[in-house]
Amino acid sequence: MEDIKLMKGNEVLAHAAVRCGADGYFGYPITPQSEVLETLTELRPWETTGMVVLQAESEVASINMVYGGASVGKRVMTSTSSPGLSLMCEGLSYLAGAELPCVVIDVSRGGPGLGTIQASQADYFQVVKGGGHGDYRMPVLAPNSVQEMNDFVELAFELAFKYLNPVMILADGVIGQMMEKVRLSPQKPRRTEEQIRQECPWAALGKGARKERNIITSCYIDPETMERHNHKLQAKYDRMEREEVRVEEIETADAEYILVAYGASSRICAKVVEDARAAGLKVGLIRPITLFPFPTEAIRRAAQNGARGFLSVELSMGQMIEDVRLAVGDATIPVRHFGRTGGIIHSPREVFDALKQML
């Protein structure tokens with residue numbers, strides 16, 4: 001019998017972590033993602049799989065606990081919301097610089113400042129462009145359903161260990177708090193210590209684990225050594241851009257106008273496409289599933305195939321629109337933004353009206 005349940009997106013993140021064989025979760029409560037930690041506490045996986053679940057003293061503490069777990073090859077993760085992610089950004093830069101795999105989930109809320117506990121997509125710049133200091137990038141997965149909240153946890157771990165890099169799941173408060181039917185993944189066992197030694201020869205596994213020490217660091221005092229390391233990292237990010245783009249296209253083959261949206265906004269835009277087509281308008285939707293690497297080619301292809309305009313639909317004042325403009329690559333094609341902020345969710349009618357202004 002399939003394991004299908006009606007669950008919140010945040011609850012599903014917790015179940016998915018346990019079921020994909022995660023070794024540890026270190027986090028701190030913050031609305032609208034607190035149910036992740038609460039659900040893990042309720043599941044008590046330390047009694048079944050041996051997974052560690054710990055509420056840290058703060059977001060700063062939790063990301064550094066993730067650093068420690070990742071350095072010995074464990075599958076570790078944390079989750080937070082926007083102000084909490086700001087506190088984690090130094091640790092994220094350290095993890096990227098030390099090439100350590102982990103999963104970080106941001107169920108974003110409105111800002112700037114303390115803002116609101118309601119949904120937002122205004123963390124795009126912080127997540128996609130880095131957030132922390134230095135030249136680093138992270139794969140960023142943007143779920144638009146509770147099912148994808150489940151599926152992307154395991155995918156994020158796969159990408160993290162493939163590239164030895166932090167991976168971000170960027171959800172929003174709508175997806176985190178909404179309830180849908182979800183097909184949970186089957187339970188997978190955690191890796192044994194011997195499996196970790198075989199699969200993670202780079203890890204620091206303690207005294208006697210290896211003949212030579214593995215040094216986990218992001219500190220390179222010599223300028224030429226630092227530059228070589230940055231070039232190495234950039235080659236990895238270039239590979240991500242070649243191999244890891246994920247995108248969904250709806251009715252784009254003959255579309256004259258293209259909506260670009262992710263997360264909760266993409267669900268609303270799918271309805272707009274349906275309504276527009278019913279009204280005789282050739283409208284399509286490009287949904288970036290990976291925000292980095294961004295689906296530049298899909299957008300550029302639509303522009304080259306005759307699209308007359310693009311509308312970037314976001315729960316923000318306009319952030320992803322910058323990448324949409326770069327992807328279109330033609331200043332004669334209008335690229336405009338429509339968004340709501342403060343936790344207000346745009347309706348299909350509002351987006352449709354904004355679209356009609358471009359016609």
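Colleague: Which residue forms a salt bridge with Glu47?
Modeller: A salt bridge here is a side-chain nitrogen of Lys or Arg within 4 Å of a carboxyl oxygen of Asp or Glu. For Glu47, the closest N and O atoms of the pair are 2.7 Å apart. The partner is Arg44.

Colleague: What are these values based on?
Modeller: The model is predicted, so local features need pLDDT of at least 70 and side-chain atom pairs count only at pLDDT 80 or more, while totals for chains, interfaces and linings use all residues. Residues are numbered from 1 along each chain as its sequence is written, and side-chain values use heavy atoms, with left out: hydrogens and water.

Colleague: Is Glu47 buried or exposed?
Modeller: Buried means under 20% relative accessible area, exposed over 50%, and partly exposed in between (1.4 Å probe, protein chains only). Arg44, at 38%, is partly exposed. Glu47 has a relative accessible area of 53%, so Glu47 counts as exposed.

Colleague: How many residues apart in sequence are the parts tied together by Asp323 and Lys129?
Modeller: Asp323 and Lys129 form a salt bridge, with the closest N and O atoms 2.8 Å apart. Asp323 lies in helix H12 and Lys129 in the loop between helix H5 and strand S6, so the parts that the pair ties together are separated in sequence by 194 residues. Helices (H or I, at least four residues) and strands (E, at least two) are DSSP runs, numbered from the N terminus.
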